[in-house]
Amino acid sequence: MAGHPEAAIRHWERAYADFRRRRDAEQAVLAAFYLCLGYRMILGNEAASRGWCERAASLVEDLGAAGLKGWVELARAYVANESGRPREAELHARQALAVARATAGSDLELCTKSELSAALVSTGQVEEGIALLEEAMAGALAGEGADLDTVVLVSCRTVASCDRGGDVRRAAQWVGAADGFNRRFGSPHLYTTCRTHYGGVLFATGRWAEAERELKAALEVGKGAEPALHAEALARLAELRLAQGRTEEAVRLLKGYEDRPATARDRRRPSRPR
């Protein structure tokens, strides 16, 4: 359903309802997990994301599916990271990782390591976090997981963490690696996320011309596909315009997106352009 995010969410919801009626615990919990991520990543709806996270938790209890608790803990780690609570995210991610190791769940392990790494980077444990990131990316891109979405989730977290740490060299290398996956399978979400965060790293390190190129590429692919990501890319391009002294253009870019969290957050001060 690329390019039709709301329709994709509706399909996931119908699938969830069907799995729930059939008491198919694994598929119902996974559907709730992806709805938790989808509402936040694609539509920017934080309340719905939290609701689906807790719905997944209730399902584990209602259907007696304790073996799926790792996906619930991963969802909680994701929600905590996205809400700016990395220490809480670290606790949930470590619990999810323990389940993954006990059940030999490759997809859960790879996704959890990337989520844990994001929390560690945010709390200043950069060396440990980056090591986990690179391990998870290597395993995901090598096809260790059974689900293609694992590559998307791990790659997005990796590039976002490089953005947070201002690591332009590592971001460029992993964006290049993820591009190979995009050429084979196509993922507008991954392409747009990579370009948006890489553009943010370039902007923060003073490489403004390159940042503009990446952000415009993100806007071109993401337009109309994923509102939350599109707003994120617009916010970063508007920030670049402000830094360039092009205030009126920055205001025009954000018209109609003023209620999006991405357009209101404070950003680190950019370096001088070079």
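Helices (H or I, at least four residues) and strands (E, at least two) are taken as DSSP runs, numbered from the N terminus. I am working on a predicted model, where local features need pLDDT of at least 70, side-chain atom pairs count only at pLDDT 80 or more, and totals for chains, interfaces and linings use all residues. Residues are numbered from 1 along each chain as its sequence is written, and side-chain values use heavy atoms, with hydrogens and water left out.

**Entry: overall make-up**

I looked up the secondary structure and found 13 helices and zero strands. I then looked up burial (buried is under 20% relative accessible area, exposed over 50%, partly exposed in between; 1.4 Å probe, protein chains only). Of the 274 residues in the protein, 53% are buried. I also checked contacts, meaning heavy atoms within 4.5 Å. Among contacts with a separation of 6 or more, 63% are between residues 24 or more positions apart.

**Entry: positive phi in two loops**

Most residues other than glycine have a negative phi. I looked up two exceptions. Arg 23, in the loop between H1 and H2, has a positive phi of about 55 degrees. Arg 23 is exposed, at 52% relative accessible area. Ala 104, in the loop between H5 and H6, has a positive phi near 55 degrees. Ala 104 is exposed, at 65% relative accessible area.

**Entry: nonpolar cores**

I use "nonpolar core" for a set of buried Ala, Val, Leu, Ile, Met, Phe, Trp, Tyr and Cys residues joined through side-chain atoms within 4.5 Å. The largest one has 38 residues, and Tyr 16, Phe 33, Cys 36 and Trp 71 have the most contacts inside it. At least two residues of this core come from each of H1 (5-21), H2 (25-41), H3 (46-62), H4 (69-82), H5 (86-103) and H6 (106-122). H2 gives the largest share, 12 residues. I listed the contacts of Phe 33, leaving aside neighbours within four places in sequence, and got Trp 71, Leu 74, Ala 75 and Leu 153. A second, separate core has 34 residues, including Val 201, Leu 202, Ala 250 and Leu 254.

Axes are lines fitted to C-alpha atoms, for helices over the stretch in contact, and angles run from 0 to 180 degrees between N-to-C directions. Angles under 35 degrees count as roughly parallel, over 145 as roughly antiparallel, 65 to 115 as roughly perpendicular and the rest as oblique.

I took H6 with H7 (residues 126-141): their axes come within 8 Å and cross at roughly 155 degrees. H6 and H7 are therefore roughly antiparallel. The contact includes Leu 110 and Leu 120 of H6 and Ile 130 and Leu 133 of H7. Its residues divide into 10 nonpolar, four polar and three charged (Ala, Val, Leu, Ile, Met, Phe, Trp, Tyr, Cys and Pro count as nonpolar, Asp, Glu, Lys and Arg as charged, the others, Gly among them, as polar).

I then took H7 with H8 (residues 148-165), which pack at about 150 degrees with axes 9 Å apart. That makes H7 roughly antiparallel to H8. Among the residues that meet are Met 137 and Leu 141 in H7 and Val 151 and Val 154 in H8. By class, I noted seven nonpolar, four polar and one charged.

**Entry: Thr 192**

I found Thr 192 in H10 (residues 188-204). Thr 192 is buried, at 2% relative accessible area. The C-alpha atoms of Thr 192 and Glu 214 are separated by 9.2 Å, with the two residues 22 apart along the chain.
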